[in-house]
Amino acid sequence: MADRANAPFTFSGNCTFEDQGGGVKRKILAYGDSLMQVEVHFEEGSVGKMHSHPHSQLTYVLEGEFEFTVGNEKKIVKKGDTLYKIPNIEHGCICLRKGILLDTFNPYREDFLK
């Protein structure tokens, strides 16, 4: 995966999925010193457990429908919607309709590369 760090092109077919369990899998796309994009696939009914991290995060809904909790707010989001998560805020989701999220992190998630 290190060969993709700071690469000008990343091809989805060269990225492998990591099974996160419970109907969730992700693949790390492009990343560099300050940014990382990750595609996350959810089966209907799967859960992205509540968590927090020191990274800023944007989440764009590519497909499906999700009930997201960010801090004390809970909203239904669907294709075309975007969420912004400030560092260290608790967040998580329930997938209401099979879907795909595109997450962008700043800085990159070193823990995802281990």
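1. Helices (H or I, at least four residues) and strands (E, at least two) are DSSP runs, numbered from the N terminus. Arginine 26 lies in strand 2, residues 24–31.

2. A note on basis. This is a predicted model, in which local features need pLDDT of at least 70, side-chain atom pairs count only at pLDDT 80 or more, and totals for chains, interfaces and linings use all residues. Residues are numbered from 1 along each chain as its sequence is written, and side-chain values use heavy atoms, with hydrogens and water left out.

3. Arginine 26 has a relative accessible area of 15%. Buried means under 20%, exposed over 50%, partly exposed in between (1.4 Å probe, protein chains only). Arginine 26 therefore counts as buried. Strand 2 is mostly covered, with six of its eight residues buried.

4. The side chain of arginine 26 makes a polar contact with the side chain of glutamine 20, at 3.3 Å. Such a contact is a pair of N or O atoms within 3.5 Å; within protein, one must be able to donate a hydrogen and the other to accept it, and residues adjacent in sequence count only if both atoms are side-chain atoms.

5. Strand 1 (residues 18–21) pairs with strand 2 in the antiparallel sense over three bridges. Pairing requires at least two DSSP bridges between the strands. Arginine 26 is the bridge partner of glutamate 18. This hairpin has two residues between its strands, and glycine 22 takes a positive phi near 65°.

6. Strand 3 (residues 36–42) runs antiparallel to strand 2, joined by six bridges. Lysine 25 stands opposite histidine 41.
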